[in-house]
Amino acid sequence: MPAPDFGLTDTQRDIRAMAADFVDTEIAPHARAWDRAESVDRGIVKRLGDLGFLGLTIAEEYGGTPADMLSYVLATEELGRGDSSVRGIVSVSLGLVTKTIAAHGTAEQKSAWLPQLVSGNALGCFALTEPGTGSDAGSLATRAVRDGGDWLISGTKMFITNGTWAKVALTFARTGDDGITAFLVPTDSPGLTASEVHGKLGLRGQATAELVYDAVRVPDTARLGDVGRGLGIAMAALTHGRVSVAAGAVGVAQASVDAAVRYATERTQFGKPIASFQLVQELLADSEVDVRASRLLTHQVARMVDAGMAPKEFATDASIAKYHAGETAVRVTNNCLQVFGGYGYIDEYPLGKYLRDARVLTLYEGTSQIQKLIIGRALTGVNALV
């Protein structure tokens, strides 16, 4: 069943159509092989750059693709439909790093990094999470100390998407009593090592890494924003990022429904297609309703961004969309796997991968439990996070 496109502009429809064609021809046919190999083809990064998907919403003067947030969401949903690992590459490099540099960087930082990132000649990673620090980002242990006109950064980051592929790590470190500060750290800096994390349940094609900083020296010109303002920069980035995660969740859920509907109309039992069984139709109907609800919630937040609202003004709505869409993706992929029966349990069919990829959507960029607390705080005025 085609996705409703009520209210979309011709440009938005064109971007979605281009993304859908790219997914159908260059991503979906390879997703299973990439999952088995635990690595997507790195050539896909340059193709994403060439087509403008790594520069959506970034100014044309830096080689970007001028577009609104809803267009970005539409493209991200399609990428999620094709392969969540590829979607994650874009969500992190563009959504968390490139957009943050565009919002907070100096003219020199923008000129140095944005053209590389939007073209696909470089990727960025978002180095916030640590081995001992996940939801409580404010307690991170990585430190940056002044040394003349430079900073020395020491610490460890964990579960960093694009970590072994990135050329720049947007790194958050504690700067003494000043709080947390953000730095743009080239990943070839002496003292910085990246080790890939293997054995993941899902997103196997995505490069996920541990980053170790051993007195990594960067000049003060690498500092992004003011000293002590890094946590605010990180939270604003994650608020935007939750919209991207929600869109990707809608994409993988939609892919699951599409696959289950095809299978249900082709597979026969007791002399007729299983689509004729009432309980199979219930699984499909429940899934379709969930997907549409999540899509509308996600589009609503994108429209709030496009209306010029600040992150603090749409933060709760972003949490609602991310929470609903992430949980929807898990529920829908599980229901659609049930439609496949035993065949859903082997990787000749896509539902097992969809379910494995969906599971992390309730964990990263704020767990479902954290989203509930954010929503509850907005409702009651009582902060249960502390």
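Let me start with a term: buried means under 20% relative accessible area, exposed means over 50%, and partly exposed is in between, with a 1.4 Å probe and protein chains only. This is a predicted model, where local features need pLDDT of at least 70, side-chain atom pairs count only at pLDDT 80 or more, and totals for chains, interfaces and linings use all residues. Residues are numbered from 1 along each chain as its sequence is written, and side-chain values use heavy atoms, with hydrogens and water left out.

Now the salt bridges. The term means a side-chain nitrogen of Lys or Arg within 4 Å of a carboxyl oxygen of Asp or Glu. In general, side chains of opposite charge can pair when their charged atoms come close. How many salt bridges does this rule count? The count is 16.

Take Arg217. This residue is partly exposed, at 43% relative accessibility. Asp147 is partly exposed too, at 34%. The two form a salt bridge, with the closest N and O atoms 2.8 Å apart. Arg217 lies in strand E7 (residues 208–219) and Asp147 in strand E2, so this pair ties together parts 70 residues apart in sequence. One word on those labels: helices (H or I, at least four residues) and strands (E, at least two) are DSSP runs, numbered from the N terminus.

Arg217 also meets Asp150 in a salt bridge, at 3.1 Å from N to O. Asp150 sits in strand E3, and that pair is 67 residues apart. Asp150 is partly exposed, at 22%.

Another salt bridge joins Arg13 and Asp10, at 3.4 Å. They are 3 residues apart in helix H1 (residues 10–27), so about one helical turn separates them. Elsewhere, Asp24, Glu78 and Arg81 are linked in a network of salt bridges.

Back to E2 and E3. Strand E2 covers residues 143–147 and strand E3 covers 150–161; they pair in the antiparallel sense over 5 bridges. Pairing here requires DSSP to find at least two bridges between the strands. Ala144 stands opposite Ile153 in E3. The two strands form a hairpin with 2 residues between them, and Gly148 in the turn has a positive phi of about 65 degrees.

Asn162 is buried, with a relative accessible area of 1%.

Next, the inside. A nonpolar core is a set of buried Ala, Val, Leu, Ile, Met, Phe, Trp, Tyr and Cys residues joined through side-chain atoms within 4.5 Å. The largest one has 93 residues, and among the members that touch the most others are Phe126, Leu170 and Phe172. Helix H7 (residues 230–266) gives the most to this core: 18 residues. A second, separate core of 18 residues includes Ala144, Ile160, Ala166 and Val216.

Which residues does Phe126 contact, leaving aside neighbours within four places in sequence? They include Val92, Ile160, Leu170, Phe172 and Ala234. Contact means heavy atoms within 4.5 Å.

Last, two exposed residues. Tyr345 is in the loop between helix H9 (311–340) and helix H10 (351–359). Tyr345 is exposed, at 73%. Phe270, between strand E9 (268–269) and strand E10 (272–273), is exposed at 79%. Thank you.
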